[in-house]
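The report below describes a protein model from its computed geometry.

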Amino acid sequence: MREPVRTSAATALANGAVEAFVRAAAIEIAPQRINAVSPNVFTESLPDYGDYFPGYGSVDLANVAQAYVRSIEGAQTGRIYEL
């Protein structure tokens, strides 16, 4: 998620740091690879957390799992898989 939501400043700080680290580390650790997956709120957790994300779409856990597989088994490095 690239749009801020109320009460998410600390989360945004941590997520931004992880993304910056992945991009920088990809250069430094080559030929080893590093990627990150950055999903929106999970569809399966909407009953508990949906009120915190008004107007945002959700993503199924199966799609998130596919992104993790792609990030591990694919050839890319330094990539943020946004869902």
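## Charge and basis of the model

In the protein chain, the mean position of the 6 positive charges and that of the 9 negative charges are 8 Å apart, where Lys and Arg count as positive, Asp and Glu count as negative, and His and the chain ends are not counted. Each charge is placed at NZ of Lys, CZ of Arg, CG of Asp or CD of Glu.

The model is predicted, and local features need pLDDT of at least 70, side-chain atom pairs count only at pLDDT 80 or more, and totals for chains, interfaces and linings use all residues. Residues are numbered from 1 along each chain as its sequence is written, and side-chain values use heavy atoms, with hydrogens and water left out.

## Overall form

The protein chain has 3 helices and 2 strands, which follow one another along the sequence in the pattern α-β-α-α-β; helices (H or I, at least four residues) and strands (E, at least two) are DSSP runs, numbered from the N terminus. Along the principal axes, the C-alpha atoms fill a box of roughly 40 × 25 × 15 Å.

Of the 83 residues, 28% count as buried, where buried means under 20% relative accessible area, exposed over 50%, and partly exposed in between, with a 1.4 Å probe and protein chains only. The accessible surface comes to about 5900 Å², and 58% of it belongs to carbon and sulfur atoms, with areas taken from the Shrake-Rupley method with a 1.4 Å probe. Among contacts (heavy atoms within 4.5 Å) with a separation of 6 or more, 60% are accounted for by residues 24 or more positions apart.

## Asparagine 35

Asparagine 35 lies in strand 1, residues 35-38, and counts as buried because its relative accessible area is 16%. Its side chain has a polar atom 2.9 Å from the backbone oxygen of serine 71, and the side chain of asparagine 35 also reaches the backbone oxygen of glutamine 76 at 3.0 Å. Beyond its neighbours within four places in sequence, asparagine 35 is in contact with Val22, Ser71, Gln76, Thr77, Gly78, Arg79 and Tyr81.

## Aromatic pairs

The structure holds 2 aromatic pairs, a pair being rings of Phe, Tyr or Trp (its six-membered ring) whose centres lie within 6.5 Å, with planes under 30 degrees apart counted as stacked, over 60 as edge-to-face and the rest as tilted. The rings of tyrosine 49 and tyrosine 52 have centres 6.5 Å apart and planes at 40°, so this pair is tilted. Phenylalanine 53 and tyrosine 56 form an edge-to-face pair, with 6.4 Å from centre to centre and 90° between the planes.

Tyrosine 49 is partly exposed at 46% relative accessibility, phenylalanine 53 is buried at 19%, and tyrosine 56 is partly exposed at 27%.

## Prolines and backbone geometry

Proline 47 has its place in helix 2, residues 46-49, and is exposed, with a relative accessible area of 75%. The C-alpha atoms of proline 47 and valine 5, which are 42 residues apart along the chain, are separated by 17 Å.

Most residues other than glycine have a negative phi, and most peptide bonds are trans. The peptide bond from alanine 30 to proline 31 is cis, with omega near 15°, and proline 31 sits in the loop between helix 1 (9-28) and strand 1. Threonine 7, found in the segment before helix 1, has a positive phi of about 65° although it is not a glycine, and threonine 7 is exposed, at 68% relative accessible area.

Conventions:
Polar contact = N/O pair within 3.5 Å; in protein donor to acceptor, adjacent residues only side chain to side chain.
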